[in-house]
Amino acid sequence: TGRVRLHHLQQAKANGARFAMLTAYEQYTAEIFDQAGVEVLLVGDSASNNVFGNETSLPVTVDELLPLCRAVARSAKRALIVADLPFGSYEISAEQAVATGVRFLKEGLAQAVKIEGGAYYAPTVRAMVQAGIPVMAHIGFTPQSEHALGGYRVQGRGDDAQRLIDDAVALVDAGAFSVLMEMVPAETAAAVDAAIKVPTIGIGAGNATTGQVLVWQDMAGLRGGKMAKFVKQYADLRGILSEAARSYADEVRSGSFPGPEHSF
Ligand code: KIV
Ligand code: NA
């Protein structure tokens, strides 16, 4: 089985099939998720608050994300590698967006990029696609606009659903190969999915999208603290790692590690 490509995701939508996407930021998780058959790996700007220790996604830079992207792309043999363009690296102009997108494909070895925003960004998407950069659009709750949106809030409720449909249609007309929706009522997400021909991806957007995505540290229970309602935790990695670290430290202090079997 070769590399997952855009047309495979498109096929999934056409066939009523589904695919999985997870974030990845370095070698081993990229390798593990790739070998587990996860179709799409996202080098998310969520690295900001899941790798670099920031509170939000806003501070992370292109120069910080590029090496993570390169590591993921080198480590995953089959998954499609999508990179987030971080806050401030594409908003100014279509020219800026093309330049940043080129860096992610050239230096980051990504195969596609994702940008946040609605119909306003259609010309930006068109310029990037013309330049040979596949673009995934991210609508609904867009974390880079957290301050403008007044915090983490569900988008596209009630009458606001039509705005999301219009955004999605405009972005797809401009050439976006996929539309990701975050924190959108299931019913709205289903209406968006029905309005466009390209595959949709949901996070907190119900079960009618073509694909689903989660931040891997949430999915695997590595991050502590309160999880968003849309997160399902499939493992308790924090507990496992914490136990391992405690046992190791205890054995070092007691002198039982290293034993003769670990010594030369
Ligand atoms: O940065 C990220 O992890 C994302 C996904 C949660 C969609 O954009
Ligand atoms: Na992101």
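Two strands are said to pair here if DSSP finds at least two bridges between them, and strands (E, at least two residues) and helices (H or I, at least four) are DSSP runs numbered from the N terminus. Before I use those terms, a word on the model: it is predicted, so that local features need pLDDT of at least 70 and side-chain atom pairs count only at pLDDT 80 or more, while totals for chains, interfaces and linings use all residues. Residues are numbered from 1 along each chain as its sequence is written, and chains are lettered from A and ligands numbered from 1 in the order in which they are written.

Let me begin with strand 6, residues 178-182. Strand 5, residues 135-140, pairs with strand 6 in the parallel sense over five bridges, and within that pairing I139 has M181 as its bridge partner. Strand 6 is also joined by four bridges to strand 7, residues 200-203, again running parallel, with V179 standing opposite T200.

How enclosed is strand 6 by the rest of the structure? I call a residue buried if 20 or more other C-beta atoms lie within 10 Å of its own, exposed if 12 or fewer, and partly exposed in between, with C-beta atoms placed from the backbone. Five of the five residues of strand 6 are buried, so the strand is largely enclosed; S178, L180 and E182 lie on one side and V179 and M181 on the other, and both faces are covered.

Strand 3, residues 80-84, is mostly covered, with five of its five residues buried. On one side are L80, V82 and D84, on the other I81 and A83, and both faces are covered. Strand 2, residues 40-43, runs parallel to strand 3 and is joined to it by four bridges, V43 standing opposite A83. Three bridges join strand 3 to strand 4, residues 112-116, in a parallel arrangement, and there D84 stands opposite K114.

Turning to the ligand, I count a residue as near a molecule if its C-beta atom, placed from the backbone, lies within 6 Å of it. Around ligand 1 we find, among others, D84, L180 and E182, together with T23, D45 and S46. Which classes make up this shell? There are five nonpolar, three polar and three charged residues, where Ala, Val, Leu, Ile, Met, Phe, Trp, Tyr, Cys and Pro count as nonpolar, Asp, Glu, Lys and Arg as charged, and the others, Gly among them, as polar.

Next, the core. By a nonpolar core I mean a set of buried Ala, Val, Leu, Ile, Met, Phe, Trp, Tyr and Cys residues joined through C-beta atoms within 7 Å. The largest one has 73 residues, of which L41 and V72 touch the most other members, and its largest share, seven residues, comes from helix 4, residues 62-75. Leaving aside residues up to four places away in sequence, V72 touches A24, Y25, E26, A30, L41, V43 and I81, contact meaning C-beta atoms, placed from the backbone, within 7 Å.

Not every position is buried, however. A36 sits in the loop between helix 2 (27-35) and strand 2, and A36 is exposed because its C-beta has 10 others within 10 Å. R163, in helix 8 (residues 161-173), is partly exposed, with 15 other C-beta atoms within 10 Å.

Finally, the overall layout. The domain assignment, whose bounds come from an automatic or database source, gives domain 1 (6-233) and domain 2 (237-264), and their centres, taken over C-alpha atoms, are separated by 39 Å.

Definitions and conventions:
Contact = placed C-beta atoms within 7 Å.
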